[in-house]
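Here is my note on the model, point by point. Please read it with the structure open.

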Amino acid sequence: MSERLRPRDLAFLAEETPSTPMHNATVEIFDPGDSGFDYDKLVELIGDRISFVPRYRQKIQQVPGRLANPVWIDDPHFDLGYHVRRSALPRPGSLEQLRELVARIVSRPLDRSKPLWEVYFVEGLADGRVAMLSKSHQALVDGVTTVDLGQVLLDKSPEVKSLGGDQWAPRRAPSPGGLAVGALRDTLRSRQVASDSVRTRAATLLRTADAAAETAGRVVGGVTGRRSSHEGPLVGTHGQQRRVVSVHTELADHRAIRDLHGGTVNDVILATVAGGLRGWLMTRHESLGGLRRVRAVVPVSVIDSELEATSLGSQIAPHFVDLPIGEPSPVVRLHQVSYSFKVHKETGRGVAANRLAGIAGFAPATFHAIGSRVAAAEVGRGMQLSVTNVPGPQSPLYAAGARMEATFPVPPLPPHHLLAIGVTSYDGGVAYAVTADRDAVPDVDVLGQCIAEALAELLDTVSGSRPRVPRGRKGGSSRAKPRAAKKSTASRTGAKSGQKAAPKSGRTTGGRTTT
């Protein structure tokens with residue numbers, strides 16, 4: 001029996017437009033070494049592992065008359081070669097060129113007549129390296145019945161493991177009459193199906209009304225020359241094309257800041273994002289007087305029996321943080337961010353980062369997908385930015401024997417948002433990634449530089465060049481003895497366009513943004 005789409009999954013399809021594609025993406029860079037990792041081996045690897053994510057061989061089938069929500073059915077013409085594609089950069093390809101290719105690929109919506117995913121094998125990077133870009137629709141990966149394909153492709157050792165695949169054959173597709181009869185039967189038997197159908201129709205009418213109101217607002221704004229109250233440096237109207245920037249830093253630097261000032265690595269990351277946004281807005285001559293804080297939604301992992309269970313052992317819930325971009329002190333920004341998470345930590349629901357990093361496979365791909373679903377559900381509730389931060393394993397992973405050197409997420413832009421930020425830690429590195437509207441944010445590379453500089457600013461406090469600000473009001477006159485720290489690479493950004501290709505070592509280059 002075919003599984004029916006849930007209202008939230010269907011909403012991602014209904015809200016998708018050519019200018020707002022609803023898919024997540026992840027970029028992974030590999031050193032093939034002596035493994036011989038190439039396009040054919042990637043196709044073979046995916047063919048061997050795709051049975052663990054059966055929905056990746058299914059497509060969406062509408063029900064005649066929309067009597068009920070659509071269903072997932074096996075694609076009778078499933079072609080792995082269509083979904084796994086080959087691309088190349090002019091040798092020697094730089095990280096900047098890779099990101100430009102990624103931006104063009106993620107700007108294109110997925111073909112709804114086929115399973116909603118694509119993987120690109122990119123050749124031509126400097127030093128013989130290759131990259132893999134995976135792209136999956138938000139309706140596809142829910143973390144409940146389906147994890148991201150990227151989670152099942154990587155191994156902990158370079159030993160090539162063949163799991164044997166499966167002798168898959170598509171189940172016979174239901175006829176239009178069968179779909180209609182099944183919809184009526186499910187509606188009569190299940191209150192949930194009937195409720196889902198009603199909710200879907202109501203949501204469709206509401207979206208149509210909202211779209212009409214938005215169009216009318218744009219027309220009035222164009223005639224009067226007035227800017228919408230919903231528009232600003234972070235919120236506005238999308239174009240179709242995207243820009244992608246990544247900033248690669250060292251996890252040890254974040255831990256050094258945490259050890260001196262308290263809090264968590266997550267607090268340090270969000271304080272770095274706040275400092276980066278502050279510096280970027282100042283380069284744009286934006287007035288910080290009326291924009292003292294940026295309301296961000298940060299999906300967090302929790303243990304909560306009232307939330308929908310996932311296959312990852314924890315649930316994902318939204319947490320709102322006011323990023324203090326109006327605060328000039330980097331340490332005070334860190335303390336304010338840390339304080340905003342204090343209540344969440346004290347509930348006891350929070351899940352430790354090392355536990356998340358220890359989940360089998362490369363779980364960040366799935367966690368980012370769930371996080372973007374959670375963030376999308378909060379659109380319209382006053383948030384201006386989504387930031388997904390997922391800790392990954394701190395030991396190297398391999399695909400068909402090739403070592404993964406670096407990775408970064410490519411988060412989707414929620415409707416009316418001009419920026420989205422994703423962060424992933426892996427094998428001693430922390431990668432910040434920014435997705436931006438190509439036309440509305442042409443200077444997103446400057447934001448990447450400002451993020452690197454914000455981390456360097458925090459690291460200055462560790463080296464002793466800046467005084468430590470006491471946490472709270474107690475002991476205001478006391479100062480901890482500055483901790484000795486190594487010279488951080490984050491303070492040597494030197495971030496010029498195309499200056500250096502992606503890092504050659506097992507971890508990413510600390511603090512260097514190669515935009």
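**Notes on the fold, packing and cavities**

1. Start with the pairing of β1 and strand β4 (residues 71-74). The two run antiparallel and are joined over two bridges. Glu3 faces Trp72 of β4 across this pairing. Bear in mind throughout that the model is predicted.

2. The pair belongs to an open sheet of three strands. Their order is β1-β4-β3, and the pairing is antiparallel. β1 (3-4) and β3 (58-61) are the edge strands, each with a single partner, so one side of each has no neighbour in the sheet.

3. A second open sheet has six strands. The order is β5-β6-β7-β2-β15-β14, and here the pairing is mixed. Its edges are β5 and β14 (398-399). Each of these has a single partner strand, so one side of each is left without a neighbour in the sheet.

4. Look inside that sheet at strand β2 (residues 23-31) and β7. They pair in the antiparallel sense, over eight bridges. His23 stands opposite His137 in β7.

5. Two helices pack on the six-stranded sheet, and each deserves a look. Helix α2 (residues 39-49) touches β5, β6, β7 and β14. The direction of α2 makes about 145° with that of β5. Helix α4 (residues 95-106) touches β2, β5, β6, β7 and β15 (402-410). For α4, the angle to the direction of β5 is about 150°.

6. Most residues other than glycine have a negative phi, and most peptide bonds are trans. Which bond is cis? The peptide bond from Arg91 to Pro92 is cis, with omega near -10°. Pro92 sits in strand β5 (residues 84-93). Asp127 is not a glycine, yet its phi is positive, at about 65°. Asp127 lies in the loop between β6 (117-125) and β7 (130-137).

7. Next, helix packing. Two packed helices are described by the angle between their axes and the distance between the axes. For helix α7 (residues 251-261) and helix α8 (residues 265-283), the axes come within 9 Å and cross at roughly 100°. Angles of 65 to 115 degrees count as roughly perpendicular, and α7 and α8 are therefore roughly perpendicular to each other. On the α7 side the contact uses Leu251, His254, Arg255, Ile257 and Arg258. On the α8 side it uses Val265, Val268 and Ile269. By class, the residues of this contact are five nonpolar, one polar and two charged.

8. Compare helix α1 (residues 7-15) with α12. Their axes come within 12 Å and cross at roughly 80°. α1 and α12 are therefore roughly perpendicular to each other. Arg8, Asp9 and Phe12 of α1 meet Arg373, Ala376 and Ala377 of α12. The residues of this contact divide into three nonpolar, no polar and three charged.

9. Now the cavities. How many cavities of 30 Å³ or more are there? The count comes to six. About 90 Å³ of space lies in the largest cavity. The largest cavity is lined by 13 residues. Ser372, Ala375, Ser386, Pro412 and Pro414 lie nearest its centre.

10. Which elements give two or more residues to the lining of the largest cavity? They are α12 (364-377), β13 (385-391) and β16 (419-426). The largest share, three residues, comes from α12. The lining has nine nonpolar, four polar and no charged residues.

11. The second largest cavity has a volume of about 70 Å³. Its lining is made by Pro21, His23, Val106, Arg242, Val410, Pro411, Pro412, Leu413 and Thr435. These divide into six nonpolar, two polar and one charged.

Terms used. Residues numbered from 1 in each chain as written. Predicted model: local features only at pLDDT ≥ 70, side-chain atom pairs only at ≥ 80, totals over all residues. Heavy atoms only, no water. Axes fitted to C-alpha atoms, helices over the stretch in contact; angles between N-to-C directions. Helix = DSSP H or I, 4+ residues; strand = E, 2+ residues; numbered from the N terminus. Parallel < 35°, antiparallel > 145°, perpendicular 65-115°, else oblique. Contact = heavy atoms within 4.5 Å. Nonpolar A, V, L, I, M, F, W, Y, C, P; charged D, E, K, R; others polar. 1 Å grid on protein atoms, 1.4 Å probe; cavity = no way out; pocket = protein on both sides within 12 Å on 5 of 7 lines; lining within 4 Å. Points joined across faces, edges and corners; volume = space filled by probe spheres on them. Pairing = 2+ DSSP bridges.
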